[in-house]
Amino acid sequence: LLEIRFKGDERTQVAQKELGYVDKILGDDNKNYHAWSHRQWIIRTINQPQLWSAEIEYSHSKILLDPRNNSAWNQRWFATHEGEIAANSGMKLGKLSFEKAEEEANYAVCGAQVDPFNESPWRYLIGVLMEQCRWVQKDEGADDKDKVNGLLRDCVAKIKDMNDSPTEDYPAGPCVSLMSALVDLLETVGDKTSLEEAKNMMGELVVEDPVRRKYWHKRQSTVLVLLGKVSE
């Protein structure tokens, strides 16, 4: 009905009312998959710049209410990525601009600093950075390679600082979520020093993350192969 029956300003007004209704549903259940999916359909259907921008702010408000709400983090990913496509006249770039990626990476790091044991900001950060790394490996993204590598190393430095300087709100000692994100990024940096650090931290994760002991042993084996190639 939204697509067929309503046009122009009336269509926008109906969409705003529907978004308000969905907000009430999420007020009762902020991880309701169907409500989030319906919200995405409304915004994608109307496809107006102000709605995309507003949705980024909306997801931010939900993350503030519950930083561990992965549905809200997913909504932010949706709004930033599909909003970027809409802003570029429908061109399916498949990624954020570097400037937007830098903004989102810093946002994720700030979220992780609030609660380093929260997996959601770490996975968001990894997603943003890996997307940029894949892009610069293609010819059309080569011009941004130095900037992306700089952003990657900057995030590694910030995470190391967090690991070395626990806050009063969280106890000192190993944080598996932080360590897991750090080894992913160190492996992506890919130089000998970073790979050595990743290998050593995986050894710690074998002990600190016993449920995934075999997984970390396997990752260590992979890094050893990479180290052999770097040393050749």
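Asp154 has a relative accessibility of 34% and therefore counts as partly exposed, a class lying between buried (under 20% relative accessible area) and exposed (over 50%), computed with a 1.4 Å probe on protein chains only. The model is predicted, so local features need pLDDT of at least 70 and side-chain atom pairs count only at pLDDT 80 or more, whereas totals for chains, interfaces and linings use all residues. Residues are numbered from 1 along each chain as its sequence is written, and side-chain values use heavy atoms, with hydrogens and water left out. The count of salt bridges comes to 19, where a salt bridge is a side-chain nitrogen of Lys or Arg within 4 Å of a carboxyl oxygen of Asp or Glu.

**Pairs within one helix**

- Asp154 forms a salt bridge with Lys158, with an N to O distance of 3.4 Å.
- Lys158 and Asp154 both belong to helix α7 (residues 145-164), 4 residues apart, and are therefore separated by about one helical turn; helices are DSSP runs of H or I with at least four residues, numbered from the N terminus.
- Lys158 is also partly exposed, at a relative accessible area of 26%.
- In helix α9 (residues 192-208), Glu196 and Lys199 lie 3 residues apart, which means a separation of about one helical turn.
- The side chains of Glu196 and Lys199 form a salt bridge at 3.9 Å, N to O.
- Glu196 counts as partly exposed, with a relative accessibility of 30%.

- A salt bridge joins Arg68 and Asp115, whose closest N and O atoms are 2.7 Å apart.
- This pair links distant parts of the chain, 47 residues apart: Arg68 lies in the loop between α3 (49-65) and α4 (70-87), and Asp115 in the loop between α5 (98-114) and α6 (119-136).
- The two partners fall into separate accessibility classes: Arg68 is partly exposed, with a relative accessible area of 43%, whereas Asp115 is buried, at 7% relative accessibility.

**A network of charged side chains**

- Salt bridges link Glu119, Arg123, Asp184, Glu187 and Arg219 in a network.
- In general, side chains of opposite charge can pair when their charged atoms come close.

**Backbone geometry at Asn47**

- Asn47 has a phi near 55 degrees, which is a positive value in a residue other than glycine.
- The loop between α2 (33-46) and α3 contains Asn47.
- With a relative accessibility of 41%, Asn47 counts as partly exposed.

Methods
Helices (H or I, at least four residues) and strands (E, at least two) are DSSP runs, numbered from the N terminus.
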